[in-house]
Amino acid sequence: MKPFMDKDFILETETARHLYHDYAAKMPLCDYHCHLSPKEIYEDRRFNNIVEVWLGGKNPDGSYFGDHYKWRMMRSHGIDESYISGDKPPYERFLKLTEALEMAIGNPMYHWCNLELKMFFGVEEPLTLESAPRIWAHCNDLLQNDPDMTARGLIRKSNVAFIGTTDDPIDSLEWHEKIAADPTMECIVAPSYRPDKAINIHKAGWHAYMAQLAASVGKESLPTMQDVLDALVARLEHFAAHGCKASDHGLDYIPFVPYTLEQADAAYRKALRGETLTTEEIDGFQTVILVTLGKAYHRLNIAMQLHYSCIRNNNERIFRLMGPDTGVDAISQNTCGGSIAQLLSALDLEGQCPKTILYSLNPADNAQLGTIIGCFQGTEVPGKIQHGSAWWFNDTKHGMEDQMRTLASLGLLGNFIGMLTDSRSFLSYARHDYFRRIMCNMVGHWVENGEYPNHDASLKRIVEGISFNNAKRYFGL
């Protein structure tokens with residue numbers, strides 16, 4: 001029997017162990033898509049206990065923050081919400097989390113939590129109800145007293161070279177400015193542009209948001225579609241001036257209805273009057289924005305990330321109580337591969353297709369994305385169009401293997417830009433280690449099965465590339 005999560009965890013062959021320990025493990029991290037708070041990075045937040053890092057809770061304004069992966073796991077164990085996201089004492093919440101975690105065999109959450117304890121706190125024993133009191137006391141002592149167990153310290157421990165946060169176009173980016181001006185900050189922290197609230201013309205809050213977007217560019221209103229496009233591009237240029245390397249679009253599906261500016265303007269004015277838009281009008285409005293921003297991304301050398309196929313906020317009771325991103329989302333089924341191809345083709349036809357990273361929450365789309373990306377590659381950078389890393393519910397050992405096998409079968413795995421955290425937790429960098437072990441194990445099996453030569457120089461380039469170098473090249477770090 002193999003020991004639990006030792007230094008060779010997941011590494012099943014001698015080649016895998018060599019590739020991981022000698023190459024992958026030593027590489028810096030490029031966390032090009034996450035949801036960390038730039039304010040907490042600048043202020044170098046110190047956490048009082050591990051529950052603050054793992055489960056979070058309620059902000060002073062009534063909104064909720066935390067790891068919704070863990071919230072889902074605890075709800076699946078029948079635990080009362082007051083222990084999950086509520087105001088029960090932190091130690092009681094920790095014990096409830098531990099109780100659920102013991103049942104999570106086969107769930108990546110089990111590996112993530114124990115990897116985080118091992119990597120950041122030096123905990124070698126698994127977290128159980130029996131070990132929980134010791135681990136609680138040990139972790140909290142370090143969080144409260146170790147000078148390196150702050151937000152920045154955890155980033156340093158993880159060897160992170162670049163962080164791309166996720167930011168709204170109306171954000172002032174004041175915390176990014178402060179970080180950039182701080183000579184003690186060793187990691188590059190840049191904003192990523194996420195214009196979903198402007199694009200989602202059919203969703204609640206859109207009217208109020210458009211007023212905020214207008215104010216962000218010094219206007220009282222945005223009366224025309226051209227005004228909207230000008231405002232979004234102006235804010236994008238503001239982001240670019242602050243080092244933005246990527247955008248991010250979280251859409252239900254990727255539309256493509258080739259509306260003219262005049263048609264989009266008619267739909268926009270209709271929405272301003274409070275009238276209900278047809279699906280075609282919504283899609284046409286969104287298409288005009290996506291094409292306009294796509295061209296701007298190309299001009300500014302900003303990568304376009306497209307996330308889709310999520311059914312969000314399914315539990316109305318929890319959504320009303322807690323708001324979005326609180327663990328009640330699910331995989332959707334969409335047939336928008338043709339629309340993605342049309343969008344990229346329209347941009348390519350004008351020589352303005354940006355670097356693009358495609359993510360579907362539905363793993364059934366892996367092969368489709370693997371073939372779409374091959375249609376629009378360019379000479380600007382190897383792997384210009386990327387099949388993004390296994391996202392969200394696919395962020396499992398099985399899901400990561402499927403995504404990489406598909407990419408290897410249909411494209412060039414050696415040009416893959418690798419892992420990201422997509423997380424709000426400073427401990428989530430353990431996921432990069434998890435990914436690297438899985439990747440090295442796959443490559444090692446191919447080598448030892450005679451499917452790829454045991455040529456160390458080539459293997460080193462591939463493993464170090466996927467671990468960091470490809471992302472460094474892709475984002476121009």
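Glu 275 is partly exposed, at 39% relative accessibility (the partly exposed class lies between buried, under 20% relative accessible area, and exposed, over 50%, with a 1.4 Å probe and protein chains only). Its side chain meets that of Arg 273 in a salt bridge at 2.8 Å, N to O, a salt bridge being a side-chain nitrogen of Lys or Arg within 4 Å of a carboxyl oxygen of Asp or Glu. Arg 273 itself is exposed, with a relative accessible area of 55%. Elsewhere, salt bridges with shared partners link Glu 40, Arg 45 and Glu 52 into one network.

A word on the basis of these values is in order. The model is predicted, so local features need pLDDT of at least 70 and side-chain atom pairs count only at pLDDT 80 or more, while totals for chains, interfaces and linings use all residues. Residues are numbered from 1 along each chain as its sequence is written, and side-chain values use heavy atoms, with hydrogens and water left out.

Two further pairs sit within helices (DSSP runs of H or I, at least four residues; strands are runs of E, at least two; both are numbered from the N terminus). In helix H14 (residues 261-272), Arg 269 and Asp 265 are four residues apart and thus separated by about one helical turn. Their side chains meet in a salt bridge at 2.6 Å, N to O. Arg 269 is partly exposed at 37% relative accessibility, whereas Asp 265 is buried, with a relative accessible area of 17%. Helix H2 (residues 38-43) holds Glu 43 and Lys 39, again four residues apart, about one turn of the helix. This pair forms a salt bridge at 3.0 Å, N to O, with Glu 43 partly exposed at 43% and Lys 39 partly exposed at 35%. The count for the protein comes to 30 salt bridges.

Turning to the whole protein, the secondary structure comprises 21 helices and eleven strands. The radius of gyration is 23 Å, close to the 23 Å that the globule rule gives for 477 residues, so the protein is as compact as a globular protein of that length (the radius is taken over C-alpha atoms, and the rule is 2.2 Å times the number of residues to the power 0.38). Along its principal axes the C-alpha trace spans about 65 × 55 × 45 Å, and 56% of the 477 residues count as buried. Among contacts (heavy atoms within 4.5 Å) between residues at least 6 apart in sequence, 76% join residues at least 24 apart.
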